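Here are some notes for a first look at this protein. Please keep the sequence and the structure open while reading.

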Amino acid sequence: MDQACDVFGEMSKPELVSWNAMIAGFAQNGLVDKAFKLFEEIPRRDFVSWNAMIAGFAQNGLVDEALKLFKEMPRQDVVSWNTMIAGYSQNGLVDEALKLFKEMPQRDMISWNAMISGFAQNGLVDEALKLFDEMPRRDVISWNAMISGLAHNGLVDEALKLFYEMPKQTNISWNALISGFLQNGLVDEAWNLFKEMPQRTTVSWNAMISGLAQNGLVDEALDLFKEMSDKDIASWTSMVAGFLENGLVNEALKLFNEIPQKDVVLWNALIAGLTQNGLVDEALTLFKKMPRQSVISWTVMISGFLQNGHFGEAMKLFKEMPERDVIAWNVMVAGCAQNGLVNEALTLFQEMPRRTMVSWTLMITVFAQNGFLDEALKLFKEMPQKTMASWNSMIAGFAKNGLIDEALKIFQEMPRQNMVSWNAMISGFAENGLVNEAQKMFMVMPRRNTVSWNAMITGFSENGDSEDALKLFKQMQLTGAKLDSEMFARILPVCANLAALQQGMEIHEKIIRSGFQSDVIVANALIDMYAKCGNIQMSFELFDKMQRRDVVSWTAMIAGYAMHGYGEEALKLFEKMKHSGTRPDHVTMLCVLSACSHAGLVDEGYQYFNQMNQYYHISPTMEHYRCIVDLLGRSGRLDEARDFIEKMPVEPDAAVWSCLLGACRVHNNLELGECVAERLLGLDPKSDVPYVLLSNIYAAAGRWGDFEKVRKTMKDRGVRKTTGCSWIEVNKQVHAFLSGYQSQLLVEI
């Protein structure tokens with residue numbers, strides 16, 4: 001933009017087309033105030049001038065200003081109306097867009113296409129399809145808009161059906177569908193379509209490269225990149241971004257240095273990628289080296305600081321910005337939310353020279369996420385116009401804070417709901433333990449996408465109903481719904497919970513066929529599933545083949561070794577993890593302590609426990625304390641375990657005392673067992689654990705009178721022993737065995 005300003009400034013008498021180009025340029029770069037200043041200075045305005053300024057306001061989220069200018073026009077043409085419709089839709093105000101669409105004195109094809117895109121962009125697929133069917137005539141843009149809309153909302157089968165119904169497909173049609181498949185994790189389908197294309201453009205290649213990298217297939221993306229004969233700057237940028245998304249920073253830097261001509265978009269992509277990988281100092285050095293920094297460059301760097309918790313540095317850079325656009329302000333508000341700085345976010349929101357619908361929605365989200373629901377609701381009611389996103393933010397906020405009735409009330413008050421609204425309610429019910437209500441909502445929703453299925457399956461699983469989760473997964477497959485990496489990552493723990501190894505192996509085969517075996521999250525879930533289902537060798541083989549590992553990968557493998565009693569192997573792997581540069585988290589340390597406990601390595605366990613805060617700045621949780629008690633208890637050092645509990649800096653919970661009581665039972669320490677049982681009954685009188693363990697201690701000591709006394713007390717207080725349950729998988733059928741009962745078929749796949 002700087003060069004354009006220089007050229008424009010040198011012109012003695014700029015033509016109208018130059019004025020219009022500068023207005024559009026400023027607006028596209030987020031400099032809407034400069035655009036408007038130029039608009040006011042223009043000696044003569046035509047339709048293009050007015051429409052460019054209206055579009056500039058709308059593109060930057062300033063819909064009220066756009067509407068004001070629209071009404072001030074001496075006369076509106078059809079482009080003016082279309083620009084306002086698109087502007088409303090882009091900002092989530094789809095009802096306002098529809099009102100304008102109906103009021104238009106004359107509609108052209110672009111009007112219909114803008115409204116269809118508007119519905120689809122806001123998740124209102126049925127409304128988009130209805131309008132598409134009502135069109136008096138369709139052009140290729142109409143078809144492409146509908147295909148993109150379906151794919152964007154996860155309805156890829158319907159997008160594919162529409163694609164083949166087209167009278168004639170263009171390259172844009174092919175590219176839209178390829179991008180849609182990749183956005184939904186359907187790599188094989190995208191590959192097949194890419195190979196079928198009668199003619200591939202650079203956009204097609206770039207879409208495939210970017211999509212492969214986003215799905216974790218960075219090697220395949222690189223192969224395709226090397227195969228490209230005609231690369232543009234977007235191709236290089238896609239590959240650099242792909243490396244960074246997959247944590248391959250050195251490869252990204254190497255490729256960046258090979259690029260003959262770098263534009264500001266490429267620099268911004270590299271800075272963003274470095275900050276996403278935690279390399280903030282390196283990103284700042286690169287930012288300072290940029291030949292020219294755009295407003296977006298400043299915003300990207302500020303966002304990087306905020307993502308890594310450096311609020312002070314972000315604020316300093318924000319204040320140093322030569323020019324701030326509304327996006328920079330919104331990024332700062334969002335950053336406050338990420339760091340729990342509610343007051344700072346509100347101050348920024350109040351200081352904003354201009355607010356967009358995104359600004360209002362962000363501030364509502366900040367309040368809701370941090371439990372300030374009254375403030376969120378007050379701001380929601382004050383909004384000049386409510387968007388789909390603002391309604392959905394309120395639903396999610398109420399649900400997250402356990403106010404599910406209020407969330408449902410907001411849902412029912414919405415002028416119209418999209419799939420995000422339905423999915424938010426399903427997740428909200430499930431997260432609050434209301435699985436039946438979530439299931440009812442799931443059954444009546446007009447359309448389901450992969451997110452809907454994921455939400456319901458997760459709801460069953462996290463509420464302890466693995467059987468129904470597995471049944472729903474089978475039902476999902478029968479409907480033909482596509483499986484993505486998130487679904488695989490969610491269903492594998494269900495197999496692990498049920499010890500359903502055969503079914504887990506079949507899902508593993510589906511993962512390989514779908515091309516998700518390289519996805520780190522999916523690979524981590526596979527490692528965990530095989531370990532919990534008893535096949536530790538397969539877990540290690542998968543772990544060993546991983547090209548990239550994160551902290552979860554190492555932790556899953558350490559946990560697998562620990563649960564199978566391979567304590568020394570677990571500790572060796574932990575040492576390798578440290579040497580790899582991967583920093584352990586609190587879960588890793590829990591698994592390490594568990595490994596020490598199972599292997600009887602008391603001194604090592606103490607050593608690792610003391611290192612947590614000293615080396616890794618991890619404060620021990622109750623679970624870590626429990627592991628040390630278990631470690632000492634298994635080794636028979638019961639008095640030491642009791643002393644450890646009594647010296648804990650936090651009040652021990654029932655689980656910690658239960659752990660010691662269990663050790664008393666194993667080592668037949670009657671005297672300590674009685675003391676611990678008394679403490680435990682004071683904490684949790686309705687739990688069956690202290691009664692059962694203490695009665696077993698009495699039985700082992702031959703004190704049958706005391707045994708009967710404990711059991712009678714248990715009965716008098718209405719405490720019932722929890723029924724033991726085991727699972728076994730036979731011929732793809734999972735059976736549950738309850739103590740004292742015959743087996744029951746739970747699920748069959």
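Is α44 mostly covered or mostly open? The points below start there; note that this is a predicted model.

1. Helix α44 is mostly covered. Of its 12 residues, 9 are buried. They are P690, Y691, V692, L693, L694, S695, I697, Y698 and A699. The cover over these buried residues includes α42 (654-666), α43 (670-683) and α45 (704-716).

2. The length of α44 checks out. The helix runs over residues 689-700, and at 1.5 Å a residue its 12 residues should span 16 Å. The C-alpha atoms at its ends lie 17 Å apart, so the two values agree. Just after α44 comes G702, with a positive phi of about 75 degrees.

3. Now the largest pocket. It holds about 640 Å³ of space. Its lining counts 28 residues, and the closest to the pocket centre are G216, Q517, S518, D519 and V520.

4. Which helices supply at least two residues each to that lining? They are α14 (202-214), α15 (218-227), α33 (501-514), α34 (520-532) and α35 (536-545). By residue type, the lining divides into 12 nonpolar, 9 polar and 7 charged.

5. A word on confidence. The average pLDDT is 86, and 95% of the residues score at least 70. Over residues 735-747, however, the pLDDT is below 50. That stretch still has 37 contacts in the model beyond near neighbours in sequence. Where pLDDT is low, predicted coordinates should not be read in detail.

Technical notes. Residues are numbered from 1 along each chain as its sequence is written. This is a predicted model: local features need pLDDT of at least 70, side-chain atom pairs count only at pLDDT 80 or more; totals for chains, interfaces and linings use all residues. Side-chain values use heavy atoms; hydrogens and water are left out. pLDDT is the predictor's confidence in each residue, from 0 to 100. Contact means heavy atoms within 4.5 Å. On a 1 Å grid over the protein atoms alone, a cavity is a set of points where a 1.4 Å probe fits but cannot get out, and a pocket is an open set with protein on both sides within 12 Å along at least five of seven lines; lining residues have an atom within 4 Å of a point. Grid points are joined across faces, edges and corners, and a volume is the space filled by probe spheres set on the points. Helices (H or I, at least four residues) and strands (E, at least two) are DSSP runs, numbered from the N terminus. Ala, Val, Leu, Ile, Met, Phe, Trp, Tyr, Cys and Pro count as nonpolar, Asp, Glu, Lys and Arg as charged, and the others, Gly among them, as polar. The expected span of a helix is 1.5 Å times one less than its number of residues. Buried means under 20% relative accessible area, exposed over 50%, partly exposed in between (1.4 Å probe, protein chains only).
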